[in-house]
Amino acid sequence: MRPIILKRCGQVLAVLLLAPVAFSCGGNSSSGTEPDPLPTFVEMSQQAGFTVAQGKRIKEPNCLFDPKLIVAQFPKVTPPAVSKDVARQCDPERSSGGAAAVDVNGDGLDDIVMTRIYNAPLLYLNTSTKDQVSFVDATKGTAFEKVPSSTNGVGYADIDNDGDQDVVITSLGGKQLYMFINDGTGKFTEEAVARGVAMIDGRPHSGMGVSFGDYNNDGWLDMHTNEWQPSDVSAYAVPSHSRLFKNLGASGKPGVFVDATKEAGVELESRVDLVYSFSSSFTDFDSDGNVDLMVASDFNTTRFYWNNGDGTFTNGTVDAELGKEENAMGLAVGFMGKPQKQVMMVTSIRAKADCDDASDLILTGNRLFEYSGKRVFSDITDKAGVRNGFWGWGTSFLDSTNAAKKEIASANGMDITWMPPSACYASDPFRFWADNGNGVFTEKSIAAGIDINTPSKGVVIFDADNDGRQDMFVTRDANKPLFFHNQTPSVGAWLGVTVQGTTTNRDGLGALISVTAVEGEEPQLAYVGTSGSFLTHDGRVKHFGLGKLTTNIFEVKVTFPASGKEVVLNNVKPQELINVTEPE
């Protein structure tokens, strides 16, 4: 007998020792219908309440990393001669625009935390109903409004295993990283210094994405931070703010961290290269029960680390045949195909014939890597048809029509002044690749209702109104974000799954979910805690499109990494959100 917790729209209904009776969370889709060939997205950020820009555009030489401003705030920093290139010091803030879909108050609806440059981050509470999507600014009193610096990347996790989601935000030009501890109601206390992650060292932060995973399987979530170090403020052989932090919860200090970067063997610094990491993900690729660490980094510095199972990692980038993209930025991790195989989408820059940056860099575009076993990946980019994403940034996988096949959403575009012509990549169109059903993708953004031709940075996938259709929040630096509501008329059956750990970390990050719609068919797979990234964090629910399913789901199986225990559920009703708890 296996215990599970059943929830309806965030409310705990029962703890059972038998197969679950699933409850609806307001979905109005019916199983057995033929999914539309493409989704119908409707941009409605204004109507939904997203009316504030993620900052403002400042021209050089007055950007956040203006050497005069940096030296005034950080006396220890002496910018090198390269700081005379005043245009490049604006690059960090033009690589900004973070957000996360996170249920901060436990009501079963994902709220939005959004960062801004030259202003404090915002919290939008989700007040949507089945009839209307709606968000309200609830920043006041959350502690977010007290942040004194520009902010950038956003991540969330239950770092202290108390049952709510805490929020971590990186800064641009600021003195520290910020860690907000949730009281369970969506009110926060900023405690980065007390919890050992502030990284106040007399040097400015150029923070990018943040990710979470339990790399030592002790039941407490650890954290990896990323930083793109502009040459104006970096120093050789000096630790960056791209770090691996180990949670000391197992030692009686829940949610307190220690810098384990060096002891774990994941230092990015060297006397040759600066640190240019954008995105990272903890994912178990070789199925040994230990999450590995992928770090997507600029200028040919991507790193992939295999977990040794003893608290250390081994750099396996070259042998794994990874790092082939020149300018890795965004990173999405998931499963594709039949049978399902793990894949990584890494966004990069695809050169345009009329754009010359005079740098002699080879700009060959995105990479889609498929794990082929024995710690080796295969490059399937051209086979899949997803190489050209222009100046790519954040990316995520989704199934917007519940057709049981993946799509890839990719933000892109860069407004720069040092590359002639100045607007060369400033009008890059958003990319939305749809799987033709055979692993080959076709770009369909305009047909799907996604018409963006200004620089976009992050992609957040979540179901804003719990109707079984995945929506999309797109961030933009120094511009208003865009919210695309999924209004596809005919979608397939679906299932939403969240998990809760007991021996495993409470969020269940690292757990493997397997959904077999019909007996004998290949299962769909998903790891909890891995999704798209680059300054962003998707919603917590793992969404499974089930196509024209007309029966109950044959099997849902969840395998928890810390204990190795499994929960197997049969005859599960579709069109539901279920929460599965690890057996004691």
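Is Gln 340 buried or exposed? I looked this up to start my notebook. Gln 340 is buried, because its relative accessible area is 17%, and buried means under 20%, exposed over 50% and partly exposed in between (1.4 Å probe, protein chains only).

**Ground rules.** This is a predicted model, where local features need pLDDT of at least 70 and side-chain atom pairs count only at pLDDT 80 or more, while totals for chains, interfaces and linings use all residues. Residues are numbered from 1 along each chain as its sequence is written, and side-chain values use heavy atoms, with hydrogens and water left out.

**Entry 1: Gln 340.** I found Gln 340 in the loop between S20 and strand S21 (341-346); strands (E, at least two residues) and helices (H or I, at least four) are DSSP runs, numbered from the N terminus. Next I checked its polar contacts (pairs of N or O atoms within 3.5 Å; within protein, one must be able to donate a hydrogen and the other to accept it, and residues adjacent in sequence count only if both atoms are side-chain atoms). The side chain of Gln 340 has a polar atom 3.2 Å from the backbone oxygen of Gly 337, and it reaches the backbone nitrogen of Leu 525 at 2.8 Å. I then listed contacts (heavy atoms within 4.5 Å). Apart from neighbours within four places in sequence, Gln 340 is in contact with Phe 335, Pro 523, Gln 524 and Leu 525.

Entry 2: I looked at the second largest pocket, whose volume is about 810 Å³. Among the 34 residues lining this pocket, Met 336, Gly 337, Lys 338, Gln 340 and Ala 404 are the closest to its centre. A pocket is found on a 1 Å grid over the protein atoms alone, as an open set of points with protein on both sides within 12 Å along at least five of seven lines, and lining residues have an atom within 4 Å of a point. Its volume is the space filled by probe spheres set on the points. Strand S20 (331-336), strand S22 (367-373), helix H4 (381-384) and strand S36 (542-547) each supply at least two lining residues. S36 gives the most, with three residues.

**Entry 3: Asn 486.** I placed Asn 486 in strand S30 (residues 482-486). Asn 486 is buried, because its relative accessible area is 1%. Its side chain makes a polar contact with the side chain of Thr 488 at 2.6 Å. Not counting residues up to four places away in sequence, Asn 486 touches several residues, including Thr 40, Phe 41 and Ser 400.

**Entry 4: Thr 127.** Where is Thr 127? I found it in the loop between strand S6 (122-126) and strand S7 (135-137). Thr 127 counts as partly exposed, because its relative accessibility is 37%. Leaving aside neighbours within four places in sequence, Thr 127 is in contact with Ser 134, Phe 135 and Val 136.

**Entry 5: strands side by side.** I traced an open sheet of four strands, in the order S12-S13-S14-S15, with antiparallel pairing. Strand S12 (207-213) and strand S15 (257-259) stand at the edges with a single partner strand each, so one side of each has no neighbour in the sheet. Two strands pair if DSSP finds at least two bridges between them. S14 (residues 244-247) is joined to S15 by three bridges, and Asn 247 stands opposite Phe 257 in S15. Elsewhere, I noted that eight of the eight residues of strand S8 (residues 150-157) are buried. Six bridges join S8 to strand S9 (residues 166-172), and the two run antiparallel.

How values were computed. 1 Å grid on protein atoms, 1.4 Å probe; cavity = no way out; pocket = protein on both sides within 12 Å on 5 of 7 lines; lining within 4 Å.
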